[in-house]
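Q: Please take me through some of the terms used for this structure. For each, I would like to see the value set against its definition.

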Amino acid sequence: MQTVGVDVGGTNIEVGLVGEDHEVLDRGKENTPADGPDAVLDVIAELVAGLDGDPVAVGLGIPGVVHEGRALTVPNLPHWDDPVDLVAGLSQRTGLPVVLGNDGNVGLLGEWLAGAARGVANVLGVWLGTGVGGGLVLDGRPFLGAQGAAGEIGHIVVREGGQLCSCGRRGCVEAYAGRRSMASAVQALVEAGRKTTLEEIQREHDKATMTSGVWQDALEGGDELAREVFATAMDALGVGIGAVLNVLDVELVVIGGGLAEKLGSDLADRIEASTRPWVMRPGPDLRFRVADLGDDSGVVGAAALARSSVISS
Ligand SMILES: [Zn+2]
């Protein structure tokens, strides 16, 4: 049985045709349109139609709170103001059954089924992208919470009255560690007269935003300002992850997203170092790892969600 996994991010939409053993057989990618849900659904439908195969269902990971087939809030995508019925919208366009999940949850599902978290009973997933997403596996099962909003580590407040976040509150982890927030911090420092190579590297990469690759080059090149903003991001993440560990005592933290793919185990080590001071009693087996599936975690997890919905229906 083949299913399609769709990973909608703040920057890109990735689509994959996935087989029974979680292998990606074909794939497609487009920029995420900024004109609201209809435009996003049109792009997804085109990408799905372009896949070479015979899928029976579509799983869709969305960066927001998802409950009963509707996306309740999607803070990182413009013009997603009211709850949107994405299941109906996408099944009309593709003629296939559609199941919806939160992007952080489906990313962790992919890693739990076929990647770095395979066989681990208690896991926190942290996804670093335009925003900061998360997911949980507790007692050997994905944990979504009462209304599908569990695992939102990006919106743990780490500084009361701090930086404004995409969710409208202040001082969230994402307001420091999301790539969009990091870019705003860079801009503010540049306007205050600081120098950085980030913007020049961004032009060299020919990118519209400061991508993970741009950050990697600046950090490896020793850019002071980049290191400062990155350190602030890591500190905020450490406080947030520490809070989760104190409540849930998971044994594995999986770090995914573009930055994890670029920086690899160095990033996991760095996040571990900024987390440990905040953990009351770190478990003896507590580990931090980057995602194994790289860019594919979300696609593989979303496709698995689709497969399980077909099997159970
Ligand atoms: Zn927030």
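A: Of the 41 residues in the largest nonpolar core, Val126, Leu237, Ile241, Val253 and Leu267 touch the most other members. Helix H8 (residues 224–248) gives the most to this core, with 10 residues. The model is predicted, so local features need pLDDT of at least 70 and side-chain atom pairs count only at pLDDT 80 or more, while totals for chains, interfaces and linings use all residues. Residues are numbered from 1 along each chain as its sequence is written, and side-chain values use heavy atoms, with hydrogens and water left out.

Q: What makes a set of residues a nonpolar core?
A: Its members are buried Ala, Val, Leu, Ile, Met, Phe, Trp, Tyr and Cys residues joined through side-chain atoms within 4.5 Å. A second, separate core of 27 residues includes Leu51, Val74, Leu86 and Val98.

Q: Which residues does Ile241 touch, apart from those up to four places away in sequence?
A: Ile241 touches Leu124, Val126, Ile153, Val253, Ile271, Thr275 and Phe288. Contact means heavy atoms within 4.5 Å.

Q: What makes the pairing of the Asp296 and Arg27 side chains a polar contact?
A: A polar contact is a pair of N or O atoms within 3.5 Å; within protein, one must be able to donate a hydrogen and the other to accept it, and residues adjacent in sequence count only if both atoms are side-chain atoms. The two side chains are 2.6 Å apart in their polar contact.

Q: How do you know whether Thr3 is buried or exposed?
A: Thr3 has 0% relative accessibility and therefore counts as buried. Thr3 lies in strand S1 (residues 3–8), and its side chain reaches the backbone oxygen of Ala303 at 2.9 Å. Leaving aside neighbours within four places in sequence, the contacts of Thr3 include Gly16, Val56 and Arg307.

Q: Why is Val56 given the label it has for accessibility?
A: The relative accessible area of Val56 is 35%, so Val56 is partly exposed. Val56 sits in the loop between helix H1 (37–49) and strand S4 (58–62). Beyond four places in sequence, its contacts include Met1, Leu96 and Val310.

Q: How do you know whether Asp249 is buried or exposed?
A: Asp249 is at 53% relative accessibility, so Asp249 counts as exposed. Asp249 lies in the loop between H8 and strand S12 (252–257), with phi near 50°.

Notes: Buried < 20%, exposed > 50% of the residue type's maximum accessible area, 1.4 Å probe, protein only. Helix = DSSP H or I, 4+ residues; strand = E, 2+ residues; numbered from the N terminus.
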